[in-house]
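Please walk through this fold with me, one question at a time. Keep the sequence and the coordinates at hand.

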Amino acid sequence: MASRAECRPLGVFECELCTLTAPYIYVGQKPPNTQSMVLLEESYVMKDPFTSDKDRFLVLGSRCSLCSRLECSLFYSKRFCLPCVRENISAFPQEIRQDLEKRKAPSKRTPSQPGSRT
C-alpha cells in the first residue's frame, strides 16, 4: 500500500513554454525508491508510465538556470529553456547547435499533406 501512496500525484507540472502538462509525484533532487541517484537540479518527477518497475521515473522538467522559467526544454550541465539557449548559442557545443537547428524546422502542414498517421 505504501508504494501506491508514493505514486499519488502531488500536482501537475506545466511547462511555461510548450504548455506540456503531466502529473508529478516528486519535486527535488532524490526521487523516491532510488538508492544512490541524485539529480543535479531540483526537478519535477513522475513515475515512468512505460514500465511496472517502481524504481523507474521520468524527469518532466525544472527551472531554467538563467531565467527561472519552469520548463521541459534542454539539460546540458544545467537546465536551459530554448529562448535562453538561442540567446547564448555560442556557449553551447556543436551537438546542441545541431539539435536546435532540427527544432527550428517548420512542422506546419500544407493543405495538400495528409493529417497525422496512426
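Predicted model: local features only at pLDDT ≥ 70, side-chain atom pairs only at ≥ 80, totals over all residues.

Residues are numbered from 1 along each chain as its sequence is written, and side-chain values use heavy atoms, with hydrogens and water left out.

Q: Which pattern does the protein chain follow along the sequence?
A: Helices (H or I, at least four residues) and strands (E, at least two) are DSSP runs, numbered from the N terminus. The protein chain has three helices and eight strands. Read along the sequence, the pattern is α-β-β-β-β-β-β-β-β-α-α.

Q: What percentage of the residues of the protein chain count as buried?
A: Buried means under 20% relative accessible area, exposed over 50%, and partly exposed in between, with a 1.4 Å probe and protein chains only. The protein chain has 118 residues. The buried share is 29%.

Q: What order do the strands of the open sheet have?
A: Two strands pair if DSSP finds at least two bridges between them. The sheet has four strands with antiparallel pairing. E3 and strand E6 (70-71) are the edge strands, each pairing on one side only. The order is E3-E4-E5-E6.

Q: How many bridges join E4 to E5?
A: The two strands run antiparallel. Serine 43 has serine 62 in E5 as its bridge partner. The number of bridges joining E4 to E5 is five.

Q: What is the bridge partner of serine 62 in E6?
A: Strand E5 (residues 57-63) pairs with E6 in the antiparallel sense over two bridges. Their hairpin has six residues between the strands, and serine 68 there takes a positive phi near 70 degrees. The partner of serine 62 in E6 is glutamate 71.

Q: Which residue in the turn between E1 and E2 has a positive phi?
A: Strand E1 (residues 11-14) and E2 pair in the antiparallel sense over four bridges. Valine 12 stands opposite proline 23 in E2. The hairpin has six residues between its strands, and the turn residue with a positive phi, about 60 degrees, is threonine 19.

Q: How many aromatic pairs does the structure hold?
A: Rings of Phe, Tyr and Trp (its six-membered ring) pair if their centres lie within 6.5 Å; planes under 30 degrees apart count as stacked, over 60 as edge-to-face and the rest as tilted. Ring pairs link Phe13, Tyr24 and Tyr44 into a cluster. The total number of aromatic pairs is four.

Q: How far apart in sequence are the parts that tyrosine 24 and tyrosine 44 tie together?
A: The pair is edge-to-face, 4.9 Å centre to centre, with 90 degrees between the planes. Both tyrosine 24 and tyrosine 44 are buried. Tyrosine 24 lies in strand E2 (residues 21-24) and tyrosine 44 in strand E4 (residues 43-47), so the pair ties together parts whose separation is 20 residues.

Q: Where does phenylalanine 92 lie?
A: Phenylalanine 80 and phenylalanine 92 form an edge-to-face pair, 5.2 Å centre to centre and 90 degrees between the planes. Both are buried. Phenylalanine 80 lies in strand E8 (residues 78-80), whereas phenylalanine 92 lies in the loop between helix H2 (82-87) and helix H3 (94-104).

Q: Which side chain does a polar contact of 3.2 Å join to glutamate 41?
A: Glutamate 41 is found in the loop between strand E3 (26-28) and E4. At 14% relative accessibility, glutamate 41 counts as buried. A polar contact is a pair of N or O atoms within 3.5 Å; within protein, one must be able to donate a hydrogen and the other to accept it, and residues adjacent in sequence count only if both atoms are side-chain atoms. The partner side chain is that of arginine 79.
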